[in-house]
Structure formats: C-alpha cells, structure tokens
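Please read them with the structure open.

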Amino acid sequence: MGVGIAHAFASSGHSVCLIDVSGEQLAKAQTTIAGILADGVRLGKVAQPAADAALARLTTSESVTAGAAGADLLVETVSENLAIKIDVVKKAEAVMAPTGLLATNTSALSVTEIAAACVDPTRVIGMHFFNPVQKMKLVELVRGLATTDEAVAIGRDYVAQLGKTAIVVNETPGLTTSRMSAMAGNEAMWMLQEGAATAEDIDTALRLGFNHPMGPLELGDLTGWDTRLSVLHYLHATLGDKFRPCPLIIKMVKAGRHGRKTGWGVYKYENGVKVPGSGLKGTNL
Ligand SMILES: NC(=O)c1ccc[n+]([C@@H]2O[C@H](COP(=O)([O-])OP(=O)(O)OC[C@H]3O[C@@H](n4cnc5c(N)ncnc54)[C@H](O)[C@@H]3O)[C@@H](O)[C@H]2O)c1
C-alpha cells in the first residue's frame, strides 16, 4: 500500500522518501512505481518528462530516523500491528519538522491510541487510502480524540494536492467504507440464505438498481469471505447485533470457499473468470 501512496505523492510534486525495514521491498517498490509511471506514459496520461521527474523525487531508506528527518508529513503504512506503528510514529516524530503531520493509513487500529504514544497527539491523523491508490479517488481522514481542526485542514490540503477527495470521519469501527460494505455484504448473504433471490439476481439488483460497479456478493468474493468474516466479528463486537455475521458466511469459510482467491466463493471461478450461472441458490443451502 505504501508503494501506491509514495507514487501518488511523488507524482504530485512532493519529494518522497519511501522507508521500509526490508531493502528487498524497497527495490521492488521502486520497480513497481517505475512500472506505474511507464504505464501512465504509454496510455498518454503522463508526459515522459513528468514521469522522469516523479521518479527523481523518490528516494528510499531502511531507517525511519534518517528517512523522516525534517519531513513535513509522515504517512505510516507499516504492517497492521499497533506496537510496530507506535514505534515508527514515535521515531518519526522525534526527527520531523516540529509542525509536521503524522498520518496513519491504518484500516482498523485506533488513531487515538497511536497518537497517545506521541509527544504531540494533536497532529496525528488517520489518512486511509484505497487500493489501487492510483485509481481510487477517496481518502478517509480520521479524527482521533486529540486531532485538531488545523491537522484536519492540513490533511485535506494534502489529499487535494493528490487530486483525490477527502471525507472526514471521527474514529469509529469500520470508518464509513468498511462498515457500509460489511453491512451490504452481510445483508446480501442473509437474503441468499433465506432464498429471497439467486446470487446473480441480488448482484444484478445492486449493479443496475443502484449503479454499483459490482454486486455485494461479487465484491465479497473479491475481498475474501474470510477477511469479511473477521471484519464482521469485529463490528459485531463493537457496534452490536446488526453486524451479526450471517451463518452462511461462517459455513462458506469453514468449507474453504473464500472467494476468487480459492477459486470458489458465492460463484465458481475458472482461470480467474467467473463461471456463468455458478452462483449459490437458496435451494442448495
Ligand atoms: N492492503 C490494502 O488494501 C490496505 C488498504 C487500506 C489500508 N491499509 C493499511 O495499510 C497498512 C499496510 O498494509 P499493507 O497491506 O501494505 O501491508 P504489507 O504487509 O503488505 O506491507 C507492510 C510493509 O511494512 C514494512 N514494515 C514492517 N515493519 C516496519 C518497520 N518497523 N519499519 C518500516 N517498515 C516496516 C514491511 O516490510 C512491509 O513492506 C496497514 O495498516 C493496513 O491496514 C491496507
């Protein structure tokens, strides 16, 4: 994820230092970013000199202390582990510009808790990007308990510079996107389990009725029902019974039918392509 974010900032004129403990990841990241820029040039979306300039603005470091020295912004995208994130943010805070913004891309951890480990929690904010970063226009800015209006304004300004749209959300389980998506996917599974309609018809309803690019069952197959289930367990525990996981999801996960990645979820997939008419039907359940 950090790779896409580094590409976005470098492409919009910022000097970026991409930091990782793994030199191998850094080498891979540079190749990936060069590839995204080359694709942009080939498709006529980026001029060659602009792509060259973006690459030239990108450096790498295996040390947070060296890489973040003097920085105005840190976007932390290390593994989803609170202790690792706190360690990185504290090291960065000690060397960044005194007014620098400390942003975390965490999907589910508490911005407030990460901020509480910092000397100045007022300038810590969530900056939640979506994959693939070069295509997805939304960034959720997350206010922790101490995040100031000024920090939110700075965050908004950075997001605008990337040509993306920010929404602001108070720290809450699932933010806006994961919470809505979990609810829609769970409800679609309840409908399927009750035999309200076929999988194909439920997905078609949301695609054609609401102009969603993908139906909720297709999206669950893409995300993976195992991942969906763990998000639902978390939302159920934190937000209550409306997020109680549909038993059909639990049954599918037990069966190893996780979705596209296992070749079979609500639909079957052959060579990555959905098999027409393969959707679960209420009568099979
Ligand atoms: N993958 C997604 O679609 C997605 C979407 C939104 C948010 N996020 C969030 O982004 C973050 C990263 O997710 P990911 O999927 O890219 O994870 P990942 O495991 O693919 O990458 C994490 C990277 O962090 C590096 N790292 C680990 N410890 C480090 C340290 N102490 N210092 C420097 N680098 C360190 C690892 O080497 C690895 O390259 C998580 O907080 C996740 O919740 C991910």
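1. Terms first. Two strands count as paired if DSSP finds at least two bridges between them. Helices (H or I, at least four residues) and strands (E, at least two) are DSSP runs, numbered from the N terminus.

2. Ground rules. This is a predicted model, so to speak of local features a pLDDT of at least 70 is needed, side-chain atom pairs count only at pLDDT 80 or more, and totals for chains, interfaces and linings use all residues. Residues are numbered from 1 along each chain as its sequence is written, and side-chain values use heavy atoms, with hydrogens and water left out.

3. Annotated spans. The unreviewed UniProt entry annotates residues 1-171 as "domain: 3-hydroxyacyl-CoA dehydrogenase NAD binding". It annotates residues 176-269 as "domain: 3-hydroxyacyl-CoA dehydrogenase C-terminal". UniProt positions are given in the numbering used here, feature names are shortened, and annotations may be inferred rather than shown by experiment. In the model, residues 1-171 are 44% helix and 19% strand. Their end C-alpha atoms lie 21 Å apart. Residues 176-269 are 65% helix and 1% strand. Here the end C-alpha atoms are 30 Å apart.

4. Strands β1 and β2. β1 spans residues 16-19 and β2 spans residues 58-61. The two run parallel and are joined by 4 bridges. I19 has S61 in β2 as its bridge partner. On β1, V16 and L18 make up the covered face. C17 and I19 make up the uncovered one. In a regular strand, side chains alternate between the two faces of the sheet.

5. The five-stranded sheet. It is open, its pairing is mixed, and its order is β3-β4-β5-β6-β7. β3 (73-76) and β7 (165-170) stand at the edges with a single partner strand each, so one side of each has no neighbour in the sheet. Neighbouring strands are turned by 30° against each other on average, direction ignored. Axes here are lines fitted to C-alpha atoms, for helices over the stretch in contact, and angles run from 0 to 180 degrees between N-to-C directions.

6. Pairing inside that sheet. β3 and β4 run parallel, with 4 bridges between them. V75 has A103 in β4 as its bridge partner. β4 also runs parallel to β5 (residues 124-128), through 3 bridges. In β5, I125 is the bridge partner of A103, and V124 is that of L102.

7. Burial in the sheet. Buried means under 20% relative accessible area, exposed over 50%, and partly exposed in between (1.4 Å probe, protein chains only). How many residues of β5 are buried? The count is 5 of its 5. V124, G126 and H128 lie on one side, I125 and M127 on the other. On β3, L73 and V75 point one way, L74 and E76 the other, and all are buried.

8. G100. This residue sits in the loop between α5 (82-95) and β4 (101-104). Leaving aside neighbours within four places in sequence, G100 is in contact (heavy atoms within 4.5 Å) with A71, D72 and R123.

9. K85. Is this lysine buried or exposed? K85 is buried, at a relative accessible area of 1%. Its place is in helix α5. Beyond neighbours within four places in sequence, its contacts include E76, T77, T104, T106, L109 and I114.

10. Helices α8 and α12. Two packed helices are described by the angle between their axes and the distance between the axes. The axes of α8 (residues 177-194) and α12 (residues 247-254) come within 8 Å and cross at roughly 90°. The pair is therefore roughly perpendicular. Angles of 65 to 115 degrees carry that label; under 35 is roughly parallel, over 145 roughly antiparallel, and the rest oblique. N186, M189, W190, L192 and Q193 in α8 meet P247, L248, I249 and M252 in α12. These residues divide into 7 nonpolar, 2 polar and no charged. Ala, Val, Leu, Ile, Met, Phe, Trp, Tyr, Cys and Pro count as nonpolar, Asp, Glu, Lys and Arg as charged, and the others, Gly among them, as polar.

11. Helices α9 and α10. α9 (residues 199-210) and α10 (residues 216-223) pack at about 105°, with axes 7 Å apart. They are therefore roughly perpendicular to each other. A199, I202, D203, L206 and R207 of α9 meet P216, L217 and E218 of α10. By class, this contact has 5 nonpolar, no polar and 3 charged residues.
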